[in-house]
Amino acid sequence: MTTAPPRAHLDHLWARGRALLGTSTAIMGGAMSWVSERHLVAAISNGGGFGVLACGSMGPDLLTAEIEATQALTGQPFGVNLITMHPELDALIDVCLRLGVSHVVLAGGLPSGPSIRRLKDGGAKVLCFAPAVALAKKLIRLGVDGLIIEGAEAGGHIGPVSTSVLAQEILPAVAHEVPVFVAGGIGRGEAILSYLEMGAAGVQIGTLFVCATESIAHPAFKAAFIRANARDAVPTAQLDPRFPVIPVRALRNKGTEAFTETQRRVIERVRAGDLDQKAGQLEIEHFWAGALRRAVIDGDVESGSLMAGQSVGLVKEEQPTRVIIDTLVAQAEAALAARASGAPQGSPSTPATVAAPVVPDPVA
Ligand SMILES: Cc1cc2nc3c(=O)[nH]c(=O)nc-3n(C[C@H](O)[C@H](O)[C@H](O)COP(=O)(O)O)c2cc1C
């Protein structure tokens with residue numbers, strides 16, 4: 001039975017995450033290409049979470065400008081997400097170190113030992129994604145400061161295993177060694193609490209922040225999220241194992257239908273000898289080029305890529321970032337309070353949302 005006040009108990013549970021991030025909550029805003037730019041990142045960090053800039057395909061100059069602009073909007077810690085297969089990774093690492101970025105998240109494949117070392121020698125903390133126990137242990141040996149485990153419920157590029165199973169496999173094996181953040185499908189504070197109680201140091205959330213007031217996502221992109229149910233966020237279909245497709249979870253739209261059709265046509269042409277296998281694979285891989293930008297920035301929700309996690313079903317309205325974070329914390333606190341009082345959890349008194357802040361954020 002819990003006796004400490006709920007917030008003190010919560011702060012105890014995520015103490016290691018908060019210490020690593022330097023924040024008041026251990027809620028990371030997962031980097032989302034095109035969405036996680038200066039405004040949303042600063043709003044998450046100003047709201048008590050930990051914003052992470054998505055470098056995506058930016059080159060060193062654009063990344064420099066984005067980091068400096070974010071630093072102008074927040075004095076709170078934030079991180080930068082770099083994709084390991086970026087052709088200019090070393091130059092991007094230099095940019096982060098030169099500008100004093102405190103935390104770098106290496107994503108999109110297993111990072112090399114030298115990349116991790118360079119970041120750490122330059123004074124940055126390094127977080128990486130661990131898709132399995134063996135890789136988590138390897139990354140710990142390479143010196144990472146924290147791990148993120150991301151389940152298949154998440155939006156964007158996904159692995160095959162659900163968050164709940166990854167958490168059961170990986171947390172007991174490595175959570176005592178480095179702080180581990182759980183991502184994928186988290187939409188309420190009770191879920192955060194349950195992962196913390198399993199040994200996580202914090203969580204990473206993407207989908208829930210897309211419709212934040214400060215997010216620059218196009219109104220049509222946000223409207224698609226608000227309309228969607230969990231079952232609308234589906235992984236990309238692969239028609240033939242000889243033509244592998246990198247799975248991405250996104251909202252079903254005309255683009256996903258056209259993608260299936262493109263695969264079917266390519267497969268037929270290769271079978272008929274009109275196209276060689278390599279050219280066919282390239283045609284499939286190029287299908288989505290620029291599609292996320294088209295949806296997020298231009299609002300093309302018909303043919304663009306609507307990357308979204310299953311928690312999209314819990315997104316009901318546009319809300320200030322601070323309200324999103326405060327609501328998650330209030331839900332976790334309410335669950336702890338209900339447990340302490342012996343009341344059943346998930347009762348109607350558990351907040352669905354908290355009131356908007358009275359004092360406007362001066363820099364948001
Ligand atoms: C629109 C969108 C774009 C994303 N882009 C990236 C990215 O560029 N790099 C990355 O590491 N993760 C990316 N992600 C994953 C998020 O950082 C985060 O881990 C994920 O959204 C967490 O799961 P959730 O969506 O269920 O909250 C993206 C997710 C979404 C929804």
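The radius of gyration is taken over C-alpha atoms, and the globule rule is 2.2 Å times the number of residues to the power 0.38.

**View 1. Overall dimensions of the predicted protein.** This is a predicted model, in which local features need pLDDT of at least 70 and side-chain atom pairs count only at pLDDT 80 or more, while totals for chains, interfaces and linings use all residues. Residues are numbered from 1 along each chain as its sequence is written. For 364 residues, a compact globule would have a radius of gyration near 21 Å, and the 20 Å of the protein agrees with this. The C-alpha trace spans about 70 × 50 × 40 Å along its principal axes.

View 2. Domain 1 (6-217 + 315-341) and domain 2 (229-307) divide the protein; the bounds come from an automatic or database domain assignment. Their centres, taken over C-alpha atoms, are separated by 28 Å. Nine residues of domain 1 are in contact with 11 residues of domain 2 (C-beta atoms, placed from the backbone, within 7 Å). On the side of domain 1 that touches domain 2, the residues comprise five nonpolar, four polar and no charged (Ala, Val, Leu, Ile, Met, Phe, Trp, Tyr, Cys and Pro are nonpolar; Asp, Glu, Lys and Arg are charged; the others, Gly among them, are polar).

View 3. Around the ligand are 27 residues, of which G30, G155, G156, G206 and G309 come nearest (a residue is near if its C-beta atom, placed from the backbone, lies within 6 Å). The shell holds 12 nonpolar, 13 polar and two charged residues.

Terms used:
Two residues are in contact if their C-beta atoms, placed from the backbone, lie within 7 Å.
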